Amino acid sequence: MDKVSERFAQLQRDVGRRHATAAALQPGAAGRQAAFDELLAAADSLLAYAAQVPGLREEPARRTTQLFVLWTSRGTAAVAALTGAAVIPGWVAWGWLLLLLPVLLAALGTGWKAKPLPKGRPHLRHRTSAVFLAACALVLSAVAIGLLSAWWLTAALACAGAAFLTGLPDEPRSTK
């Protein structure tokens with residue numbers, strides 16, 4: 001049983017004990033009102049915790065996504081930077097920097113430091129966007145170095161577009 005379930009069960013047992021205590025007192029008995037007030041307070045804390053349970057259960061996956069995006073973006077930045085550095089000895093033509101520089105900047109923008117993901121919002125699309133950006137960098141680097149034909153630029157541009165579209169912020173959920 002995980003900590004969230006344990007805490008929820010503990011709060012449920014607390015409400016049960018307080019209910020049994022309040023129900024055992026006769027109407028008009030001394031302390032009956034105090035027992036019912038304690039029961040209501042325990043029920044309120046149970047309901048407040050129940051509202052937090054979905055976010056608490058989602059937190060480990062959210063942290064995993066945050067680390068995945070961080071390290072995938074750092075790897076993407078390294079690939080783009082190394083391919084860009086291959087321009088200096090002449091292994092790659094200078095024109096490739098026009099395509100590699102935006103990928104490098106996008107990867108550095110997301111991989112420089114871990115950014116907290118907003119709670120209550122989808123986070124798996126951040127993983128998808130990071131994978132598309134990494135694929136774009138790998139394909140661009142392979143084409144620039146000459147491992148793949150120039151036709152693969154279409155795939156690299158499609159990956160860049162998909163990374164951009166999946167990385168767009170989603171609309172906030174209305175609480176109405």
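This is a predicted model: local features need pLDDT of at least 70, side-chain atom pairs count only at pLDDT 80 or more; totals for chains, interfaces and linings use all residues.
1. Let's start with a helix pair. Two packed helices are described by the angle between their axes and the distance between the axes. For helix α2 (residues 32-85) and helix α3 (residues 97-111), the axes come within 8 Å and cross at roughly 150°. Angles over 145 degrees count as roughly antiparallel, so that is the label for α2 and α3. Their crossing is left-handed.

2. Who makes the contact? On the α2 side, the residues are Leu70, Ser73, Arg74, Thr76, Ala77, Ala80, Ala81, Thr83 and Gly84. On the α3 side, look for Leu97, Leu100, Val103, Leu104, Ala107, Leu108, Thr110 and Gly111. Sorted by class, this contact of α2 with α3 has 10 nonpolar, 6 polar and 1 charged residues.

3. Now pick out Thr76, which sits in helix α2. Is Thr76 buried or exposed? Its relative accessibility is 3%, and buried means under 20%, so Thr76 counts as buried. Setting aside neighbours within four places in sequence, Thr76 is in contact with Val103, Ala107, Leu133, Ala134 and Ala137.

4. Next, the largest nonpolar core. In soluble globular proteins, nonpolar side chains tend to be buried together. Here the largest core has 20 residues, and the ones touching the most other members are Val92, Trp96, Val103, Leu133, Cys136 and Leu140. Which elements give two or more residues to this core? They are α2, α3, α4 (124-145) and α5 (153-167). The biggest giver is α4, with 7 residues.

5. Trp96 is worth a click in the viewer. Not counting residues up to four places away in sequence, Trp96 touches Leu140, Val143, Ala144 and Leu153. There is also a second, separate core of 8 residues, with Val4, Leu46, Tyr49 and Val53 among them.

6. Finally, find Val92. Where is Val92 placed? It is in the loop between α2 and α3. Val92 has 3% relative accessibility and therefore counts as buried. Leaving out residues up to four places away in sequence, Val92 touches Thr83, Ala86, Val87, Ala144 and Ile145.

How values were computed:
Residues are numbered from 1 along each chain as its sequence is written. Side-chain values use heavy atoms; hydrogens and water are left out. Axes are lines fitted to C-alpha atoms, for helices over the stretch in contact, and angles run from 0 to 180 degrees between N-to-C directions. Helices (H or I, at least four residues) and strands (E, at least two) are DSSP runs, numbered from the N terminus. Angles under 35 degrees count as roughly parallel, over 145 as roughly antiparallel, 65 to 115 as roughly perpendicular and the rest as oblique. A crossing is left-handed if the near helix is turned anticlockwise from the far one by less than a right angle, and right-handed if clockwise. Contact means heavy atoms within 4.5 Å. Ala, Val, Leu, Ile, Met, Phe, Trp, Tyr, Cys and Pro count as nonpolar, Asp, Glu, Lys and Arg as charged, and the others, Gly among them, as polar. A nonpolar core is a set of buried Ala, Val, Leu, Ile, Met, Phe, Trp, Tyr and Cys residues joined through side-chain atoms within 4.5 Å. Buried means under 20% relative accessible area, exposed over 50%, partly exposed in between (1.4 Å probe, protein chains only).
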